[in-house]
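This briefing is meant to be read beside the sequence and the model. Its points are grouped by topic.

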Amino acid sequence: MSERLSYRKAALSTEGIDEMKSDQFPVGHGILVALLFLAACDGGTSVVPAASETLVIAHRGASGYLPEHTIAAKAMAYAQGADFIEQDLVMTQDDAVIVLHDHHLDTVSNVASIFPGRARGDGRYYAIDFTLAEIRELSVTERFELQDGVITAVFPERFPINRSTFRVHTFAEEIELVQGLNRSTGRSVGIYPEIKSPAFHLAEGKDISRAVLDVLKTYDYTRATDMVFLQCFDPYELVRIRQELLPTMNMDVRLVQLIAYSKEFAAMTTAEGIQKVSAYAAGIGPSMHLLIDPDSDPGNLEVSGLLELAHDAGLKVHPYTFRRERNQIPAYAKDYEDLLDIFVNELGVDGVFTDFPDRTVRFLENAR
Ligand code: G3P
Ligand code: CA
């Protein structure tokens with residue numbers, strides 16, 4: 001065991017949690033628990049997998065270099081050697097499944113200037129209120145925030161805002177890109193789709209999970225051995241997919257339970273919670289902060305028992321999100337590569353979601 005890892009029997013602190021996902025979590029399901037309570041762990045027996053087996057999951061593509069979820073960002077991620085490429089998925093008014101981080105269009109496109117007056121009462125522009133043809137008219141840009149009429153890049157050092165021409169594309173179009181590149185390069189890169197806000201979609205009259213599975217089946221992703229992980233934050237939807245949709249559609253793809261750094265997910269991180277997850281999922285995708293306390297001292301990293309609980313239950317562990325910007329790296333790590341060293345070599349995760357596939361692939365190659 002690494003000397004800088006310190007295994008804890010009890011909870012990581014939930015003070016200062018900044019990754020709330022309540023907007024994506026079904027209201028009223030009662031999974032709220034006041035404290036994180038991670039199971040006891042002696043810390044000395046975990047088996048750390050070889051770094052070369054660690055999956056590089058391109059988070060929204062090579063989103064550190066090109067606007068997230070654009071075809072260009074996906075092609076770049078592929079060329080940089082990612083093992084899997086992520087697609088966040090939402091639906092349009094006319095039932096197309098498109099690749100977009102969340103169901104709003106206004107912080108990654110010019111929708112407000114192309115379709116003024118189409119915002120809802122909250123001022124947001126919802127993908128589900130537009131047809132695919134309308135969404136294809138939009139120009140996609142690097143993610144921004146709009147406050148008092150002033151546009152600010154979320155990641156100022158990344159691709160400039162409102163430069164070049166990028167469009168929203170469908171899930172099917174992205175699969176055709178990945179499968180086409182697999183044919184032309186002889187590689188076998190996988191896809192890692194995320195069903196976004198299933199409860200929201202259902203309230204709008206759309207069964208996004210069935211629509212996503214329809215696309216997966218069309219492109220022959222049907223078996224547990226196929227190169228796909230299907231992820232979602234909503235455990236009730238994942239159970240529905242496992243128990244109802246997959247059997248009726250004669251499919252058996254691997255499911256991943258996403259776990260946010262939020263009190264809402266605390267019950268899921270207990271031994272009992274993880275056992276329940278293992279009944280329907282092949283892996284978990286936790287915030288990295290659920291594995292190591294972000295406020296840890298550099299020489300004494302406070303490790304939760306979550307990774308061991310998951311491994312003991314037969315679950316893969318793919319934490320998110322690894323970014324190279326200093327303000328995205330916990331203070332306990334010296335730099336991006338040190339962060340990877342901690343999670344890959346010392347902790348033993350099975351894969352990482354990263355905005356920087358090239359840096360991650362290079363790190364893993366050097367670690368072999
Ligand atoms: O799906 C893993 C990670 O992407 C979850 O967070 O908000 O980037 O989709 P988000
Ligand atoms: Ca995602």
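Helices (H or I, at least four residues) and strands (E, at least two) are DSSP runs, numbered from the N terminus. In those terms, N250 sits in the loop between α7 (235-248) and β9 (254-259). The model is predicted: local features need pLDDT of at least 70, side-chain atom pairs count only at pLDDT 80 or more, and totals for chains, interfaces and linings use all residues. Residues are numbered from 1 along each chain as its sequence is written, chains are lettered from A and ligands numbered from 1 in the order in which they are written, and side-chain values use heavy atoms, with hydrogens and water left out.

**Overall make-up and confidence**

- The protein chain contains 11 helices and 13 strands.
- Of its 368 residues, 58% count as buried; buried means under 20% relative accessible area, exposed over 50%, and partly exposed in between (1.4 Å probe, protein chains only).
- The chain exposes about 15200 Å², and carbon and sulfur atoms supply 50% of that area; accessible areas come from the Shrake-Rupley method with a 1.4 Å probe, and for residues only the protein chains shown count as cover.
- Among contacts (heavy atoms within 4.5 Å) in the protein chain with a separation of 6 or more, 74% are between residues 24 or more positions apart.
- The mean pLDDT (the predictor's confidence in each residue, from 0 to 100) of the protein chain is 90, and 87% of the residues reach 70 or more.
- Residues 14-46 have a pLDDT below 50, and this stretch has 74 contacts in the model beyond near neighbours in sequence.

- E86 belongs to strand β3 (residues 84-91) and E194 to strand β7 (residues 190-195), so the pair ties together parts that are 108 residues apart in sequence.
- E86 is buried at 2% relative accessibility, and E194 is buried at 4%.
- E174, in helix α4 (residues 171-185), is buried at 0% relative accessibility.
- Leaving out residues up to four places away in sequence, E174 touches I71, K74, I85, E86, Q87, V99 and H169.

**Nonpolar cores**

- A nonpolar core is a set of buried Ala, Val, Leu, Ile, Met, Phe, Trp, Tyr and Cys residues joined through side-chain atoms within 4.5 Å.
- The largest such core has 89 residues, and L216, F343 and L347 have the most contacts inside it.
- Helix α10 (residues 336-347) gives the most to this core, with 7 residues.
- F343 touches M288, L291, I292, P319, F322, Y332, G348 and V349, not counting residues up to four places away in sequence.
- A second, separate core has 19 residues, including L100, F115, L132 and V140.

**Backbone exceptions**

- Most residues other than glycine have a negative phi, and most peptide bonds are trans.
- Y320 and T321 are joined by a cis peptide bond, with omega about -15°; T321 is in the loop between β12 (316-317) and α10.
- H69 has a positive phi, near 60°, and lies in the loop between β2 (55-58) and α1 (71-79), where H69 is buried with a relative accessible area of 4%.
- N250 also has a positive phi, near 55°, but N250 is exposed, at 67% relative accessibility.

**Buried loop residues**

- L315, in the loop between α9 (306-312) and β12, is buried with a relative accessible area of 2%.
- L315 and S278 are 37 residues apart in sequence, with their C-alpha atoms 6.5 Å apart.
- Y261, in the loop between β9 and α8 (271-278), is buried with a relative accessible area of 3%.
- Y261 and S287 are 26 residues apart in sequence and 5.7 Å apart in space, C-alpha to C-alpha.
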